[in-house]
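Dear colleague,

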Amino acid sequence: MRLEFSIPLLLLGTLSVCLALPWVAEEYPNPMVNPNKCGSNIDGETLWLCDPDSVLGTDTSSVLSTVKDVNLNSNCVCNCTESPDVGYVVGVAVAEFITSQHDDQTASLEAFSQTVRENWFETSSCDDKILLLMVKNDSQIHLALGSRINEILPSEILDNIDRDIEPLLEASKYTEALELTLRQLDLAISERVGVYATGTDSTGMTTEEPPEPDNLVWGILGVIAIMSILIFHYWIKY
């Protein structure tokens, strides 16, 4: 959000000043509704990225291409029998400042990102939408994950991503940090989807519950055991 006003100067005339104010989550623009406010258009296509404060600079084509590529090739994580070609969706929200709803910085980022995620994406039975929130003033990228993504991604993976992007954020390399987050997140989800599909993790250990016993098989075995006992007793007696 930006506030613009004019300051009269004695010798220089009028100076136009533009200041960035903290965003309120409910007022943060949706790239699909207000693409002009977000700078989310590439080659005439509107993508899931919003940078109303121009934190990423004037050239956002690189990160926009990454957002497009990840969403175009994302894996299906639920309802895959009915819609196998429909993958998860990830959006990127960038701001210079956000309002602090809590004393704790992390809690404020979480509340803001979850509200924006809910405002951007329609509610569906498959909660597979992801929002990456990057706030320049906090030098952090916070992930707001849908419940389905939370189920398949261990917290250790998210911690590893945080560690990898920390040096980039500290160096103010925001575009690189976002692209690395998007790529690593996509890779992690792809690997986890593969784990659930094959039933084994990277060590070859099973990740599925043991199959339920076949009641028919156990019933037949039980009958055979009983018949064997009866025949044995009959043979001993006679």
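A polar contact here is a pair of N or O atoms within 3.5 Å, where within protein one atom must be able to donate a hydrogen and the other to accept it, and where residues adjacent in sequence count only if both atoms are side-chain atoms. By that criterion, the side chain of Thr-181 reaches the backbone oxygen of Ala-177 at 2.8 Å. This is a predicted model, in which local features need pLDDT of at least 70 and side-chain atom pairs count only at pLDDT 80 or more, while totals for chains, interfaces and linings use all residues. Residues are numbered from 1 along each chain as its sequence is written, and side-chain values use heavy atoms, with hydrogens and water left out.

Thr-181 lies in helix α6 (residues 174-198), helices being DSSP runs of H or I with at least four residues and strands runs of E with at least two, numbered from the N terminus. Thr-181 is buried, with a relative accessible area of 1%, where buried means under 20%, exposed over 50% and partly exposed in between (1.4 Å probe, protein chains only). Leaving aside residues up to four places away in sequence, Thr-181 touches Leu-132, Ile-141, Leu-143, Ile-161 and Ile-165, contact meaning heavy atoms within 4.5 Å.

Leu-132 is one of the buried residues of β7, and its bridge partner in β8 is Leu-143. Strand β7 (residues 129-135) has seven of its seven residues buried, so it is largely enclosed by the rest of the structure.

With best wishes

Methods. Two strands pair if DSSP finds at least two bridges between them.
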